[in-house]
Amino acid sequence: MRKLTVFLLALLFAGHSLILKAQTDMTLTNKQQTLITLAALEASGNIPVLETVLGQALNDDIEVSTLKECLSHLYAYTGFPRSLNALGALQRVLAERQRQGITDSPGREATPLAADYDALRQGSEVQARLGGGKPFEYSFAPQTDYYLKAHLFGDIFARDILTFAERELVTLGAIAALEGCEAQLKAHVAGSRNMGVSDEELRQLPAVLARNVGREQAMRAKNAVEEVLGITLNEPADQSGSMPPSPWKLGTPNTAYARYFIGNSYLAPYDAENGGPVNVTFEPRCRNNWHIHHGSVQVLICVSGRGWYVEEGKEPMEMTPGTVVAIPPEARHWHGAARDQWFQHLTYMTRVEANASNEWLEPVTDEEYNRLP
């Protein structure tokens, strides 16, 4: 049992059947939800899912220039490495779509700046607006103060591909995905109200992140919005009942084995008849019954979400992307999703003996399941 990096495996088997889930009952538009999602995925470094969402954004007729602007804007908040990685992902997606004969709208270029444009003056005004009209001076590091005013709030915000409100939504999505930046996140929640983001749109931010990125990012946004707006929001996890974007196929409902599962699961075989793996997707709280493999070893590789492997007599093992479990013959065990997240793992059998079989046992009770963290 060990954690491995499975990027090569992901590239080999990744599918694109799960895409951005935009909620239609929101004040936030599909475009705004997409920008928030892209920003959080870029900041998280989740390039496989980022590529999936970029493809869906293009399918939804979001222009290439808008996507470039979103990912370029982020370098000021997440650094050049992540921004360039994300722009590289966009290049690959566009190249593949072009190979398939798909023509995407390039969009327009930013309006040229006036001949007398003063980046420092413009940026100082924009930064003051973000702060509710209060001038900002970072005297501890004057050069950083200059960069913030002249470059970020001057040169970058002067580009009119994105509105000020859209830039703040992009920023909020990114900072919500950065651990340890809660103070900056709260500041931008407050500042975004001065840049045209409505309180209702802010209230919807955690739900978009929960639906499309993850609970951890959603909870950061929830805490910041609650503190700034002085309200209490519902828990953001799994509000849609849908799985967040994943580069792994959802597959079809697991009806053949449904009697051995609590909750809904889905199967997506990858040439399984010739020894390839099967991707099993579990909805939150879904788990299979206790069971035993006789005469074979089962291998599990978590590829998305969070779940558990529980073997009788041993400590439960949390499974996150990259976790690999080799289950020995005759081990009584079960596996399934965490309470608040979907879970996907690849599985295949190895060291299969002639009379190998699978023995299904009793269900995992709620009492047993609820003991897990």
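S192 has a relative accessible area of 0%, so S192 counts as buried, a label for values under 20%. The structure is a predicted model, and S192 sits in helix α10, which covers residues 182-194. A polar atom of the S192 side chain lies 2.8 Å from the backbone oxygen of V189.

Which residues does S192 touch, not counting those up to four places away in sequence? They are L130, E168, L172, V197 and L202.

## The chain as a whole

The chain has 373 residues, and 50% of them are buried. It contains 13 helices and 14 strands. Along its principal axes, the C-alpha trace spans about 80 × 50 × 40 Å.

The accessible surface of the chain is about 17700 Å², and carbon and sulfur atoms account for 52% of that area. Among contacts with a separation of 6 or more, 74% are between residues 24 or more positions apart.

Side chains of opposite charge can pair when their charged atoms come close. How many salt bridges does a search of the whole structure find? The search finds 22. One of them joins K31 and E166, with the closest N and O atoms 3.2 Å apart. K31 belongs to helix α2 (residues 30-44) and E166 to helix α9 (residues 164-176), so this pair ties together parts that are 135 residues apart in sequence. K31 is partly exposed, with a relative accessible area of 28%, whereas E166 is buried at 11%.

A salt bridge also forms between E69 and R159, where the closest N and O atoms are 2.8 Å apart. E69 is in helix α4 (residues 64-73) and R159 is in the loop between α8 and α9, so the two lie 90 residues apart in distant parts of the chain. E69 is buried at 5% relative accessible area, while R159 is partly exposed at 35%. E69 and R159 also belong to a network of salt bridges that includes R167.D160 and R108 form another salt bridge, with their closest N and O atoms 3.2 Å apart. D160 lies in the loop between α8 and α9 and R108 in the loop between α6 (80-99) and α7 (119-130), so the pair ties together parts that are 52 residues apart in sequence. D160 is partly exposed at 32% relative accessibility, and R108 is partly exposed at 42%.

## Strands and a buried tyrosine

Strand β12 (residues 333-337) is mostly covered, with 5 of its 5 residues buried. Strand β9 (residues 307-311) pairs with β12 in the antiparallel sense over 5 bridges. In this pairing, W308 stands opposite G336 in β12.

Y266 is in strand β4 (residues 265-269). Is Y266 buried or exposed? Its relative accessibility is 17%, so Y266 counts as buried, the cut-off being under 20%.

L120, Y146 and Y147 make a nonpolar surface patch of about 300 Å². Y147 lies in helix α8, which covers residues 142-156. The relative accessible area of Y147 is 47%, so Y147 is partly exposed.

Terms used
Residues numbered from 1 in each chain as written. Predicted model: local features only at pLDDT ≥ 70, side-chain atom pairs only at ≥ 80, totals over all residues. Heavy atoms only, no water. Buried < 20%, exposed > 50% of the residue type's maximum accessible area, 1.4 Å probe, protein only. Helix = DSSP H or I, 4+ residues; strand = E, 2+ residues; numbered from the N terminus. Pairing = 2+ DSSP bridges. Patch = residues over 30% accessible without salt bridge, like charges linked within 9 Å, V, L, I, M, F, W, Y side chains within 5 Å. Areas by Shrake-Rupley, 256 points an atom, 1.4 Å probe, with all protein chains shown as cover. Salt bridge = Lys/Arg side-chain N within 4 Å of Asp/Glu carboxyl O. Contact = heavy atoms within 4.5 Å. Polar contact = N/O pair within 3.5 Å; in protein donor to acceptor, adjacent residues only side chain to side chain.
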